[in-house]
Amino acid sequence: MGKKLKHIFIMEASNYNIRNAEELNNELKKKKNFEYMLYMRSFIGKETDIVKKCCALFKREKLRFYACGNFEMVEGIIRGLDSFDNREVAFCPLGNKKGLIENFEENYVNFNIDSLINGEVKCIDYVDAGDICMTNYASVGGLSKLITELKVYKNIIVNSKKDYFSKMKQYLKIARTIIFTKNDKLEIEIDDEKLEDNYTMAHIANGSLLDNDTDQILEDGKLEYILVKKCSLLKRLELVKRILTGKLAPIDNLVYMGNCKKFAINDTKGKNVLMSYDGRVEKRSHLRGNIKNKKVKLVIPQVK
């Protein structure tokens with residue numbers, strides 16, 4: 001039975017990445033006693049097939065899969081794993097920093113391929129949502145965009161207290177997102193409890209919602225949620241007013257926040273509405289999932 005770790009790199013096939021692939025291959029060839037394979041992904045989702053074939057070929061081997069490209073490739077790799085035993089996942093952003101690594105930002109400051117190869121393995125949660133999985137968040141309506149804009153606004157407040165123009169500009173972006181988000185009617189279930197009211201926006205996060213002070217939140221076996229009720233324009237303006245603090249907070253009869261282990265989001269009319277998960281956006285009439293505690297072995301770059 002082979003015990004040596006095999007490193008499998010999966011990269012987006014494009015004219016831009018051909019050069020990256022050649023450079024990476026040349027760098028890896030210089031390493032002694034380093035077993036690796038390099039695949040070029042021809043289309044989105046192909047990484048799942050690549051991972052399944054590798055797992056079948058090396059059933060008893062210890063494998064580490066590197067997602068070289070967009071973060072959505074991580075989700076595709078996880079879906080292809082035959083088990084979580086002897087299987088590790090690493091994210092090599094190649095200049096594209098987003099998604100899950102926001103929770104480990106300090107590890108990517110001086111990122112290079114060696115820091116990832118020699119990185120620390122952490123067991124983190126993921127959400128099983130049937131045909132998809134997610135490690136960071138799922139969002140319906142404008143909340144995903146709103147969360148990002150709030151982080152920018154909070155950063156401006158902390159680092160540029162006298163930059164009133166930037167604060168006002170970002171504040172207007174937040175107001176526009178809230179006011180002009182389409183008012184879809186959503187039915188929400190949290191831990192088997194069906195919430196009676198209709199909601200217009202929902203954000204379910206495995207990672208932190210607004211603050212990234214610690215990465216332990218990815219290992220706590222809980223999901224955080226923010227729900228915004230279907231409401232009038234005047235009620236939405238109330239939200240804008242509260243956002244001046246730089247963060248969302250529970251508001252009676254409008255915004256609800258809490259923790260859960262599983263969820264379901266359904267459009268009450270059965271329409272396909274825009275839903276996003278880990279940065280991938282598609283039209284769906286429903287989305288449901290439950291958290292799996294400390295299943296994914298994620299490789300975090302070594303901090304020098």
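Me: Buried means a relative accessible area under 20%, exposed means over 50%, and partly exposed lies in between. Taking this predicted model as it stands, is cysteine 55 buried or exposed?

Reply: The model is a predicted one, and the class of a residue follows from its relative accessible area, with under 20% as the limit for buried. Cysteine 55 has a relative accessibility of 1%. Because that value is under the limit, cysteine 55 counts as buried.

Me: How many disulfides does the structure hold, and how far is the sulfur of cysteine 55 from the closest cysteine sulfur?

Reply: A disulfide is a covalent bond between the sulfur atoms of two cysteines, and the cut-off applied here is 2.5 Å between those atoms. The structure holds 0 disulfides. For cysteine 55 the closest cysteine sulfur belongs to cysteine 54, and the separation is too far for a bond, at 7.0 Å.

Me: Which residues have the most contacts inside the largest nonpolar core?

Reply: This core has 29 residues, and the elements that each give two or more residues to it include strand E1 (5-12), helix H2 (46-57), strand E3 (62-68) and helix H3 (72-80), together with strand E16 (286-300). A second, separate core of 24 residues includes Ala138, Tyr225, Leu227 and Leu287. Within the largest core, the residues with the most contacts are Ile10, Phe65 and Ile77.

Me: Where do glutamate 75 and arginine 79 lie, and what is the N to O distance where their side chains meet?

Reply: Side chains of opposite charge can pair when their charged atoms come close. Glutamate 75 and arginine 79 both lie in helix H3, 4 residues apart, which is about one turn of the helix. Glutamate 75 is buried at 2% relative accessible area, whereas arginine 79 is partly exposed at 31%. Their side chains meet in a salt bridge with an N to O distance of 2.7 Å.

Me: How many residues apart are lysine 262 and aspartate 192, and in which parts of the chain are they found?

Reply: Lysine 262 forms a salt bridge with aspartate 192, with the closest N and O atoms 3.2 Å apart. Lysine 262 is partly exposed at 34% relative accessible area, while aspartate 192 is exposed at 60%. The pair links distant parts of the chain, since lysine 262 is in strand E13 (residues 262-267) and aspartate 192 is in the loop between strand E8 (186-190) and strand E9 (193-194), and their separation in residues is 70.

Me: How many salt bridges does the structure hold?

Reply: Another pair is glutamate 187 with lysine 194, whose side chains meet at 3.9 Å, N to O, and glutamate 187 is partly exposed at 27% relative accessibility. Lys6, Glu35 and Glu61 are linked in a network of salt bridges. For the structure, the number of salt bridges is 14.

Me: Leaving aside neighbours within four places in sequence, which residues are in contact with glutamine 170?

Reply: Glutamine 170 lies in helix H6 (residues 164-180) and is buried at 7% relative accessibility. One of its contacts is Ile156, a residue of helix H5 (residues 143-159) that is itself buried at 13%. With neighbours within four places left aside, the residues in contact with glutamine 170 are Glu149, Val152, Tyr153 and Ile156.

Me: Which residues make the nonpolar surface patch of about 310 Å²?

Reply: The chain exposes about 15400 Å², with carbon and sulfur atoms supplying 49% of it. Leucine 237, in helix H7 (residues 233-242), is partly exposed at 38% relative accessibility, and a patch takes residues with over 30% and no salt bridge. The patch of about 310 Å² is made by Leu233, Leu234 and Leu237.

Me: Among contacts between residues at least 6 apart in sequence, what share joins residues at least 24 apart?

Reply: The chain has 7 helices and 16 strands, and buried residues make up 50% of its 304 residues. Among contacts between residues at least 6 apart, the share joining residues at least 24 apart is 74%.

Methods:
Residues numbered from 1 in each chain as written. Predicted model: local features only at pLDDT ≥ 70, side-chain atom pairs only at ≥ 80, totals over all residues. Heavy atoms only, no water. Core = buried A, V, L, I, M, F, W, Y, C linked by side-chain atoms within 4.5 Å. Buried < 20%, exposed > 50% of the residue type's maximum accessible area, 1.4 Å probe, protein only. Contact = heavy atoms within 4.5 Å. Areas by Shrake-Rupley, 256 points an atom, 1.4 Å probe, with all protein chains shown as cover. Patch = residues over 30% accessible without salt bridge, like charges linked within 9 Å, V, L, I, M, F, W, Y side chains within 5 Å. Salt bridge = Lys/Arg side-chain N within 4 Å of Asp/Glu carboxyl O.
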